[in-house]
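Please walk me through this protein, from its overall layout down to single residues. Keep the explanation brisk.

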Amino acid sequence: MMTLEKFEEACESVKKVISRTKLVYSEYFSETTGNKVYFKPENMQYTGAYKVRGAYYKISTLTDEERNRGLITASAGNHAQGVAYAAKLYGAKAVIVMPTTTPLIKVNRTRSYGAEVVLHGDVYDDACSYALKLAEEKGYTFIHPFDDETVATGQGTIAMEIFKDLPTVDIILVPIGGGGLASGVSTLAKLLNPNIKVIGVEPAGANCMKESLKAGRVVSLPKVETIADGTAVKTPGSKIFPYIQKNIDEIITVEDDELIVTFLDMMENHKMVVENSGLLTVAALKHLNCQNKKVVSVLSGGNMDVITISSVVQHGLIARDRIFTVSVQLPDRPGELVNVASIIAKEQGNVIRLDHNQFISINRNAAVELTITMEAFGPEHKEQILKALRKQGYRPEIKQPVL
């Protein structure tokens, strides 16, 4: 059972491995949402995520015999690093089964702690089935990433720290994948203040907990499709499900497109790298139907590889109209390209890519195509540039940017 006594025990235990992630007040998100917004930056943990809390506390409760058999788990990356790091501290062998789609940074970091990594399956659920099979065959001790009350108790220590920093907190937003973090945080939060509101946030393409709550029982999704790989779970935990039913007040779902622009907001306004699953609670801020409340968003992790970061930033700039592409048709005669470039320069647009296609038409004197990708300050500036081109007789057509 997740009791106050167990949470207090876990709080003392995890002090050995965690960084004290104090709340960060967000002036930007407070102004844009009308609430007083704070972040719990678990992306700043040594392993890059909160998962080390539950992993370490769970392993600390095992017997020597259970640890000496070797530990095994399945994870999309953050729990993997938590188990690998905790196992290293205890001198135990660790085998981690990860989906083949796991970002490279999470795979390499897990190996750096001395764990053996096995890549299997496309999503967490596939990896978990294989890990359970290996545990049975090899006699390893299985450490479930979320469907374990002891693991969830370790994750719930986050709530104790939130209350120490902000005793009058009104709302806690917590990401949901399988439900371990949400069950631990919500259970302890309600024990400390029964009137607090705890809201879970899921990706729309992996909303297994919302569907399970709707059905009144644990159900499995036929598939998951989301860029939030850390919460890409088909089936939530059955052991922790009753805690979710009792203590989670609401679930908000977030589309992937919202995560992309939220990543950009966090980078520009807080200089923080937060992985897509950790951004769920930030994207959910604008879905809250309240004002002037003290809201804490749990940033669950920050383990992203640079290729993913680059892709998300580019797509975020496109979504915010800060990068866009237009094509214009113009006669193939000297000076036309310079004229178009001059119009853009006068309006302070910055050209980053240009393609001059003379073969769009058989009659080159009638038309050639000029495709321009450029930077703008936002939607209003973009429209200003387009208006200037139209004023000079061009008919710009918006195209999908190719970067």
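A residue counts as buried when its relative accessible area is under 20%. Cys 290 has a relative accessible area of 16%, so Cys 290 is buried. Cys 11 comes out at 14%, and therefore Cys 11 is buried too. As for disulfides, the structure holds 0. Keep in mind that this is a predicted model.

Now step back to the whole chain. The protein chain has 403 residues, and 57% of them count as buried. Its C-alpha atoms fill a box of roughly 85 × 50 × 40 Å, taken along the principal axes.

The chain is divided into three parts. Domain 1 is made of two segments, 4-50 and 149-315. Domain 2 covers 52-142. Domain 3 runs over 321-399. Between the C-alpha centres of domain 1 and domain 3 the distance is 44 Å.

Next, look at a sheet. This open sheet has 4 strands in the order β5-β4-β3-β6, and the pairing is parallel. At the edges sit β5 (116-119) and β6 (141-142), each of which pairs on one side only. Strands of a sheet pair through backbone hydrogen bonds, either parallel or antiparallel.

Start with β3 and β4. Strand β3 spans residues 71-74, strand β4 spans residues 94-98, and the two pair in the parallel sense over 4 bridges. Helix α5 (residues 78-90) packs on the sheet and touches both β3 and β4. The direction of α5 makes about 175 degrees with that of β4.

Thr 73 stands opposite Ile 96 in β4. Ala 74 has Val 97 of β4 as its bridge partner. In a regular strand the side chains alternate between the two faces of the sheet. In β3, Leu 71 and Thr 73 point one way, while Ile 72 and Ala 74 point the other way. All of these residues are buried.

Which way do α13 and α15 run relative to each other? Helix α13 (residues 256-270) and helix α15 (residues 306-319) pack at an angle of about 100 degrees. Angles of 65 to 115 degrees count as roughly perpendicular, and α13 and α15 are therefore roughly perpendicular to each other. Their axes lie 8 Å apart. From α13, the contact is made by Ile 260, Val 261, Phe 263 and Leu 264. From α15, the contributors are Ile 309, Val 312, Val 313, His 315, Gly 316, Leu 317 and Ala 319.

Finish at one residue, Val 295. Val 295 lies in strand β10 (residues 294-299). Is Val 295 buried or exposed? Its relative accessible area is 0%, so Val 295 is buried. Which residues does Val 295 touch, not counting residues up to four places away in sequence? They are Asn 35, Lys 36, Val 37, Tyr 38, Ile 171, Leu 173, Leu 285 and Leu 288. Val 169 makes a further reference point. Val 169 and Val 295 are 126 residues apart in sequence, yet 6.4 Å apart in space, C-alpha to C-alpha.

Notes: Residues are numbered from 1 along each chain as its sequence is written. This is a predicted model: local features need pLDDT of at least 70, side-chain atom pairs count only at pLDDT 80 or more; totals for chains, interfaces and linings use all residues. Side-chain values use heavy atoms; hydrogens and water are left out. Domain bounds come from an automatic or database domain assignment. A disulfide is a pair of cysteine sulfur atoms within 2.5 Å. Buried means under 20% relative accessible area, exposed over 50%, partly exposed in between (1.4 Å probe, protein chains only). Two strands pair if DSSP finds at least two bridges between them. Contact means heavy atoms within 4.5 Å. Axes are lines fitted to C-alpha atoms, for helices over the stretch in contact, and angles run from 0 to 180 degrees between N-to-C directions. Angles under 35 degrees count as roughly parallel, over 145 as roughly antiparallel, 65 to 115 as roughly perpendicular and the rest as oblique.
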